[in-house]
Amino acid sequence: MRAITRGSVLPKLLRTIALGWVAASWSVQAAPAQGGLYIAGAGFSFTTAAKRAMSQNPGGRRFFLLSLPPETAALGQGAQAALSNVRQRVVAANGVLLVCQRDVEQGRINLADMVPGVVAVRGWPAAGSNELQHGQRYFADEVSANLPADNVALRQLRSTCS
């Protein structure tokens with residue numbers, strides 16, 4: 001058996017491992033993990049939920065802020081200046097603004113009155129429906145980039161909007 005010498009495979013192997021660690025740590029920093037789901041209207045004002053979401057998702061990590069009536073007023077084009085400022089900070093911090101499709105269908109929210117970029121999210125389909133195929137996370141016409149990638153957050157979102 002041949003002895004490992006200074007010019008042999010070991011230094012090259014160590015260098016390759018070190019470069020791998022550097023590349024892995026760089027890719028984690030370059031693509032921050034996705035943040036969670038925050039809900040305004042479930043005992044929290046829009047401002048409170050927004051501030052918490054922004055503080056827990058620094059550095060541009062994407063997060064999701066679901067607003068339930070009456071907290072959806074902050075998403076309206078005619079929102080008070082203070083709410084409008086908070087809303088703009090949420091969007092600048094990489095937050096996605098969500099409302100429930102059921103609130104739109106029940107007339108509690110008019111999407112035409114909302115600022116651009118607000119996404120209406122459906123809850124779970126009715127029992128026996130084939131709208132959401134078994135094993136699928138998103139409805140056929142949904143844009144997955146607008147919704148949480150995390151299963152727990154997506155389930156909470158769908159349950160809240162059901």
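**Entry 1: the β-α-β unit**

I started with strand 1, helix 2 (residues 46-56) and strand 2, which make a right-handed β-α-β unit. Right-handed means that, with the strands pointing away from the viewer, the path from the first strand over the helix to the second runs clockwise. I took helices (H or I, at least four residues) and strands (E, at least two) as DSSP runs, numbered from the N terminus. The model is predicted: local features need pLDDT of at least 70, side-chain atom pairs count only at pLDDT 80 or more, and totals for chains, interfaces and linings use all residues. Residues are numbered from 1 along each chain as its sequence is written, and side-chain values use heavy atoms, without hydrogens and water.

I then checked how the two strands pair. Strand 1 runs parallel to strand 2 (residues 63-67), and 4 bridges join them. Pairing requires at least two bridges found by DSSP between the strands.

**Entry 2: strand 1 and Ile39**

I looked at both sides of strand 1. Leu37 and Ile39 are buried on one side, and Tyr38 and Ala40 are buried on the other. Buried means under 20% relative accessible area, exposed over 50%, and partly exposed in between, with a 1.4 Å probe and protein chains only. In a regular strand the side chains alternate between the two faces of the sheet.

Next I followed Ile39, which lies in strand 1 (residues 37-40). Ile39 counts as buried because its relative accessibility is 15%. Which residues does Ile39 contact, leaving aside its neighbours within four places in sequence? I found Phe44, Ala49, Leu66, Leu68, Gln156 and Thr160. Contact means heavy atoms within 4.5 Å.

**Entry 3: an aromatic pair**

I searched for aromatic pairs and the count came to 1. Tyr38 and Phe63 form this edge-to-face pair, at 6.3 Å centre to centre and 90° between the planes. Tyr38 is in strand 1 and Phe63 in strand 2, so the pair ties together parts that are 25 residues apart in sequence. Both Tyr38 and Phe63 are buried. The rule takes rings of Phe, Tyr and Trp (its six-membered ring) with centres within 6.5 Å; planes under 30 degrees apart count as stacked, over 60 as edge-to-face and the rest as tilted.

**Entry 4: the disulfide**

I found that a disulfide joins Cys100 to Cys161, with 2.1 Å from S to S. The cut-off is a pair of cysteine sulfur atoms within 2.5 Å. Cys100 is in strand 3 (residues 95-100) and Cys161 in the segment after helix 5 (151-160), so far apart in the chain that 61 residues separate them. The link of Cys100 and Cys161 is left-handed, with -70° about the S-S bond. Cys100 counts as buried at 0% relative accessibility, and Cys161 at 3%.

Most residues other than glycine have a negative phi, and most peptide bonds are trans. I noted that the peptide bond from Pro69 to Pro70 is cis, with omega near 5°. Pro70 is in the loop between strand 2 and helix 3 (81-92). Asn94 is not a glycine, yet has a positive phi of about 80°. Asn94 is in the loop between helix 3 and strand 3.

**Entry 5: the whole chain**

The protein has 5 helices and 4 strands, in the pattern α-β-α-β-α-β-α-β-α along the sequence. Buried residues make up 31% of its 162 residues.
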